[in-house]
Every structure is written in structure tokens, then in C-alpha cells.
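Dear colleague,

Please find the structure below. My notes on it come after.

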Amino acid sequence: MAEDASFYFGQSGDAPEPVEFTFEYYLDYRARIEAEPSPSGSGSNDASLDETKSLTDSIFAYHEEYGRTYHAYHSGSYHMPNDQNEVERLNAQYEVTKIILDDRLYLSPLSRDNPPRKIIDIATGTGRWAMEMADEFPLAQVIGTDLSPIQPELVPPNLRFEIDDGNEEWQNGEDWYDVDYIHFLSTVAAWSDWQWIIKTAFSRLRPSGWLEMQEPECDIGSDHAPIPEDNALRQWFAELTLASARAQRPIDVIPNLRQMFIDAGFVDVHEKVYKIPINGWPRPRRLKKMGKMWQQVLFEGLPGFSYALFNRWLGMPTNQIEVNLVQVRKALADKHSRAYQKFYVVYGRKPDEMET
């Protein structure tokens, strides 16, 4: 964990012990410290609890802007909101991802006969994927990290969530080395340097460990007819790409992930590209359902995607942003274009020592 994401607890008469901030540790510690009376006159338990509460309160002291809330830890590192509306949108987005992958959590060839022991989900969001992965591999230690503590408290016993920023140096604990599988899902607007992220993941994997990224491309296409440049939704994606680049969070790199894996040293690199209808235009029932769900995901996400990035990095006033979104919503609902987004799944293996 980054240095400023750790803190110290100490019992009365004991030297302070470095402790990683996890919600599980905080809840367990708080229950224990409240159950034990403070030593007479020392006040040490109260002081330790105050220190814990101060750190926790700062993490939950969300930044409020544009009628939404944003993460407090490393404020400004990520430009999307973290309020209840976004939690619901993220969960709906996850359900679409499961449809895309035929209810699979991963495409990497993980073995149930020789199951992974250490799994890390970077930028876990609401933690849904990490929870299901922990259930599927109950003997594995699963860690989910995020800037926002929006994950549930009731989770499988082999899972823990941690506050962390993947753009910073990754943690140095034992659980963060010789990892069997590292996972990213829909983190497209989160990273300043994708190549560094991939190389860092490579360094933390054990030989024969797998990295998998599941990411949507921020553009639309159609097999029916070319999408015109003046299509409002396509223009919105172009503006989002420009604003993200200015914010040093490039989002136009997704088609390049496969080559980045290879450049980082991965072998057995695979790329699967799926098409997500942007609304209910397809005739097949499964694709129609997926398209309707994805339309709602995008519809609910448009304000959150737009306000902070367009206002801060393109200089658009909020009233102009909202006026523009009227046309974007119309384009999103247009079935005649038969438009889709591409969804990339890229996975690769760190070679064995004998292969290097």
C-alpha cells in the first residue's frame, strides 16, 4: 500500500505496529477496543480509537461537486462520482459484463484442480466480481482495491477490500507478491500510464501467473453503415477522449492492450473482442436484452462521465454540458444506426523462469 494509506495502532505499553487499512481490520479493531475498558488514567485506547476514526472519517469525507460525491482518498485521481446512483450503475454494468462473458468471471485458463492462491482485483468498484471470485475459489486470498469504500461489509471470509490508488507504487505486503491472478474490469478512465500498470502487474505475478483486463472501447461503430462524425454520441466519446487525455487519464488505449502485454513480457497473450449493442436494436433476444441494459448503463452514466471532465478540462459550463447531453441521449436511443461498443478482454501469462 502507498505509504500514506497505512497507519499505526499500538496497545498500551506496546510499540506501535504498522497496520494496513482494511475495512475488516477497522471493524474488528473498533469492536475490540470498545469492548475493552481503557487502562486507568492512560486513555490509550481512546487515543488509538480517535486516530482510527480520524483516518476513517477522512476517507468517507467525500468531495461534493455537480450535485454528486467523489472519492476523498487521493481526491481528483478519478473523475467519476461514487454516490449511490453510481453504485447502482456499476452493478448494472457488471451484469452486462456477465452476459457478455456467458456468466464467466474470467477467460484466463485458471485451474480448479490447481486453484489460484492469491487473487487481486484492482479498482474493484462495488466489489461484485471480487465477491464472486472469492466464492468460486474459497481457498484463495482475494484482495479488492479501490479509491472509494463503496463495497459491502458482509463478504466471503477469504476476501478483503483495501483503499488504494493503483497509479501509485503498489503495496509491499506478502499478499502482493507471487500473485496467481490479477484482474481489471472497466477501469478505462482510471490510469495515467497503462504500460506502467501492466508492467507493475507483471512484476507482482508469480511465474505462470495471469493478468486479465476486461475493458470497453470508448467509441461506437456499426456493421450496417459507418457512424457519421457528427453523430452526437460519437462526438461525446471524442470529447470524453480529449478531456481524459488532458486529465492524464488516456482512454483511447484499449485496442493497444494486447501489444502492451507483449511489450511487458507476457506470453500466451489472447485478445477477445465482443460487441455490445448500445440499445435494443438487435433481433436476437439475448443481444436485445444486453443492448437495453447497456443503453440504461450509458444513460445513467452520462452526467457522471461528463460534468467533472468536461467542466475541468474542456472548460464547458454545466448548463452547456446538460444541453449537449440531450442530443447524446437521442443518439443513444437511435436504433437505426445499429451501433455498438467494442469490449476487449485481454489476458496473458507471465512466463516460467525456464522460458525467460
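This is a predicted model: local features need pLDDT of at least 70, side-chain atom pairs count only at pLDDT 80 or more; totals for chains, interfaces and linings use all residues.

Residues are numbered from 1 along each chain as its sequence is written, and side-chain values use heavy atoms, with hydrogens and water left out.

The protein has nine helices and twelve strands (DSSP runs, H or I of at least four residues for helices and E of at least two for strands, numbered from the N terminus). Of its 356 residues, 53% are buried (under 20% relative accessible area, 1.4 Å probe, protein chains only).

Helices α6 (residues 232-246) and α9 (residues 318-333) have axes that come within 7 Å and cross at roughly 120° (axes are lines fitted to C-alpha atoms over the stretch in contact, with angles from 0 to 180 degrees between N-to-C directions). On the α6 side the contact (heavy atoms within 4.5 Å) is made by A232, L233 and W236, and on the α9 side by L325, Q327, V328, A331 and L332.

In strand β8 (residues 179-185), seven of seven residues are buried. β8 pairs (at least two DSSP bridges) in the parallel sense with β5 (residues 118-122) over four bridges, and six bridges join β8 to β9 (residues 205-216), also parallel. I182 of β8 stands opposite I120, and its bridge partner in β9 is L211.

Regards

How values were computed: Buried means under 20% relative accessible area, exposed over 50%, partly exposed in between (1.4 Å probe, protein chains only).
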